[in-house]
Amino acid sequence: MATKSSSASYTIEARPFATSAKLVARRPVKSAPSLRPVPAFSIESLQKNTLVMGPPKAQKHKHLLQQKATSFRMYYDRGDLPIKMEYLTGGDKIAWTVDIDKLDYGLYLPLFFDGLSEIRHPYKTYARQGVQDLISHGGDKIYPVIPQLIIPIKNALNTRHIEVMCVTLRIIQQLVMASDLIGPALVPFYRQLLPMFNAYKVKN
């Protein structure tokens with residue numbers, strides 16, 4: 001038997017060999033406040049009963065497969081690139097069939113940057129070595145071509161292939177060191193390049 005009131009509920013507890021019943025009061029149990037998830041570094045994160053959300057986790061071992069052949073691969077398969085492979089005792093390297101200083105950087109530099117997305121030999125070997133040679137000999141001829149390099153760099157980073165991303169980062173470093181004008185020229189394109197860097201900022 002139980003009696004109810006507006007503030008608390010009571011039950012009559014009957015014990016054996018007792019001459020009287022004891023009235024026991026049940027106090028309402030307070031539930032813990034639920035935490036509301038809020039983004040980090042926001043004003044809401046300073047409020048009470050909030051839970052700051054952590055950064056999104058990067059996909060460590062998953063990468064996007066190459067969907068289609070790059071322009072660099074098509075040029076290479078047709079034999080339209082002025083390069084060839086030299087087989088030496090100390091290691092293989094590519095050689096240019098024309099003077100590299102006379103090349104049209106508006107055509108060949110974006111083309112070789114497009115090959116940075118390649119993950120198969122010999123395409124990746126020609127593309128990576130070709131980009132390094134063009135940057136080292138480019139000088140002031142690289143600056144006018146910077147807007148044409150953004151899409152190939154972005155495509156290489158979006159592959160999420162660890163080897164491709166690391167090579168692309170080293171190429172960007174070499175690119176910036178080639179001329180004092182290149183660093184400021186990349187600033188307007190940060191919004192296209194930095195999202196992938198942000199996704200992998202916690203990966204060493």
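## Salt bridge exercises

In this predicted model, Arg128 is buried, with a relative accessibility of 13%. Keep that residue in mind as you work through the exercises.

**Exercise 1.** Find out which side chain meets Arg128 in a salt bridge, and say which helices the pair ties together.

*Solution.* Start with the partner: the side chain of Arg128 meets that of Glu163, at 3.0 Å from N to O. Next, check the cut-off: a salt bridge needs the nitrogen within 4 Å of the carboxyl oxygen, so this pair passes. Now place the two residues: Arg128 lies in helix α3 and Glu163 in helix α5, so the pair ties together parts 35 residues apart in sequence.

**Exercise 2.** Is Glu163 buried, partly exposed or exposed? Work out which network of salt bridges includes Glu163.

*Solution.* Take accessibility to begin with: Glu163 comes out at 36%, so it counts as partly exposed, between the 20% and 50% limits. Then look at Lys124, whose side chain meets Glu163 in a salt bridge at 3.5 Å, N to O. That pair links distant parts of the chain, 39 residues apart, with Lys124 in helix α3 (residues 123–138) and Glu163 in helix α5 (residues 162–178).

**Exercise 3.** Describe the salt bridge between Asp80 and Arg78, and sort both residues by accessibility.

*Solution.* Distance comes to start: the closest N and O atoms of Asp80 and Arg78 are 3.1 Å apart. Then sort them: Asp80 is partly exposed at 36% relative accessible area, while Arg78 is exposed at 54%.

Technical notes. Residues are numbered from 1 along each chain as its sequence is written. This is a predicted model: local features need pLDDT of at least 70, side-chain atom pairs count only at pLDDT 80 or more; totals for chains, interfaces and linings use all residues. Side-chain values use heavy atoms; hydrogens and water are left out. Buried means under 20% relative accessible area, exposed over 50%, partly exposed in between (1.4 Å probe, protein chains only). Helices (H or I, at least four residues) and strands (E, at least two) are DSSP runs, numbered from the N terminus.
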